[in-house]
Amino acid sequence: MFINQISIFLENKPGALNAMTKVLAENNIDLRAMFLAEAAEFGIVRIIVDNCYSASVLLRDAGYVCSITPVLGVQIPDAPGGLNEVLNDLTEANINIEYMYAFLGRKNARHAYMIFRVNDNGAATAALSAKGIKVLSPDAVCNL
């Protein structure tokens, strides 16, 4: 099970992020998670939204270069060592983590949530599920 993430390439200048999020806001796209990585000339914004297809079309129509990437949403125990437990499970399954970032749920403060980009979504899902770690569906992420 995976979630579609949109990666948007932005020029690294004042107002660029604001202009991109304005496109989403004006079209009632609910931003559920976001990660920003920057370099000298450009940045990459990774987002999870409630309607990936509509958001990607709107962004492309507005002139943004973007791509869709399958990622995992994982519910992490919100306790010391919770993330380490999940990382141990992925390591045991020989899953490489390319990047990850956290996001908050609105309703359940007893859990933390992470987005993982890994080398094998299927194997990671199987490994985590076998250890009782909840891998989230796209609907579950939008309903947190």
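The side chains of R117 and E98 meet in a salt bridge, at 3.4 Å from N to O (a side-chain nitrogen of Lys or Arg within 4 Å of a carboxyl oxygen of Asp or Glu). R117 lies in strand 6 (residues 111-118) and E98 in strand 5 (residues 97-103), so the pair ties together parts that are 19 residues apart in sequence; helices (H or I, at least four residues) and strands (E, at least two) are DSSP runs numbered from the N terminus. This is a predicted model, in which local features need pLDDT of at least 70 and side-chain atom pairs count only at pLDDT 80 or more, while totals for chains, interfaces and linings use all residues. Residues are numbered from 1 along each chain as its sequence is written, and side-chain values use heavy atoms, leaving out hydrogens and water.

**Salt bridges**
- A search of the whole structure finds 4 salt bridges, including one between E11 and K13 at 3.7 Å, N to O.
- K22 and E26, whose closest N and O atoms are 3.8 Å apart in their salt bridge, both lie in helix 1 (residues 16-26), 4 residues apart, about one turn of the helix.
- E26 is exposed at 55% relative accessible area, whereas K22 is partly exposed at 47% (buried means under 20%, exposed over 50%, partly exposed in between, with a 1.4 Å probe and protein chains only).

**Cysteines**
- The structure holds 0 disulfides (pairs of cysteine sulfur atoms within 2.5 Å): the sulfur of C52 is 8.6 Å from the closest cysteine sulfur, in C66, too far for a bond.
- C52 is buried at 13% relative accessible area, and C66 is buried at 10%.
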